[in-house]
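Hi everyone, thanks for coming.

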Amino acid sequence: MIRPFTFPDLDRILQIERQSFPKSPYDWGTFMNLYYLYPQTFLVYVGETCDREEGRISGYIIFSPEGHIISIAVHPQHRRTGIGRQLLQRAMEVTPKKKIWAEVRKSNQGAQTFYLRMGFQITGVVPNYYGNEDALIVQWGPTAR
Ligand SMILES: CC(C)(COP(=O)(O)OP(=O)(O)OC[C@H]1O[C@@H](n2cnc3c(N)ncnc32)[C@H](O)[C@@H]1OP(=O)(O)O)[C@@H](O)C(=O)NCCC(=O)NCCS
């Protein structure tokens, strides 16, 4: 099930975040700001493999209404089971212009393969976007096809 983020989800989201982005995890305040900015498009994936609701959250996505993916992550134990695909597909379905884009670390081969598999194309590079590392811009939609 994919549903909007609620406050009790935050501890689990922070746990997933720290394991997914060890170099630069978002903190509590950043997630709160993102929630206030994008309450409709901060979504969590809830699985069925744990009794506790909190423990069943295995991934999340945050995107702007225009289609900018701010962040997407799946708990390492739940990767390669289609959760990222479902979260990204939801964003692809609801953005009105059917155009989605994201920044990806040049070293993040796994995420690049994921986006390419989802039909995205690499459309640009932003030098030193992450301080000491470039970002690739990946895009899905009419202008990228
Ligand atoms: C990128 C990420 C969100 C993908 O989530 P996921 O739930 O594992 O992805 P899915 O299972 O839906 O994968 C869909 C397809 O993408 C491809 N793919 C996904 N992760 C991949 C990887 N690490 N290496 C190669 N291909 C990958 C595969 O083709 C996969 O299909 P398959 O498993 O049937 O072969 C997840 O790996 C993650 O949280 N990574 C750390 C955070 C991150 O890098 N986020 C993106 C930053 S821009």
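**The ligand and its pocket**

So, the ligand sits in the largest pocket. By "sits in" I mean that more than half of its atoms lie within 2 Å of the pocket's grid points. A pocket here, on a 1 Å grid over the protein atoms alone, is an open set of points where a 1.4 Å probe fits, with protein on both sides within 12 Å along at least five of seven lines; lining residues have an atom within 4 Å of a point.

Before going on: this is a predicted model, where local features need pLDDT of at least 70 and side-chain atom pairs count only at pLDDT 80 or more, while totals for chains, interfaces and linings use all residues. Residues are numbered from 1 along each chain as its sequence is written, and side-chain values use heavy atoms, leaving out hydrogens and water.

In total, 20 residues surround the ligand, and V74, G84, R85, N108 and R117 are the closest; a residue counts if one of its heavy atoms lies within 4 Å.

Now the polar contacts, meaning pairs of N or O atoms within 3.5 Å. The side chain of R117 puts an N or O atom 2.6 Å from a ligand oxygen. Taken alone, the ligand exposes 900 Å², and the protein buries 81% of that, by the Shrake-Rupley method with a 1.4 Å probe.

Back to the pocket itself: 37 residues line it, with I72, N108, A111, F114 and Y115 nearest its centre. Happy to take questions!

Methods:
A polar contact is a pair of N or O atoms within 3.5 Å; within protein, one must be able to donate a hydrogen and the other to accept it, and residues adjacent in sequence count only if both atoms are side-chain atoms.
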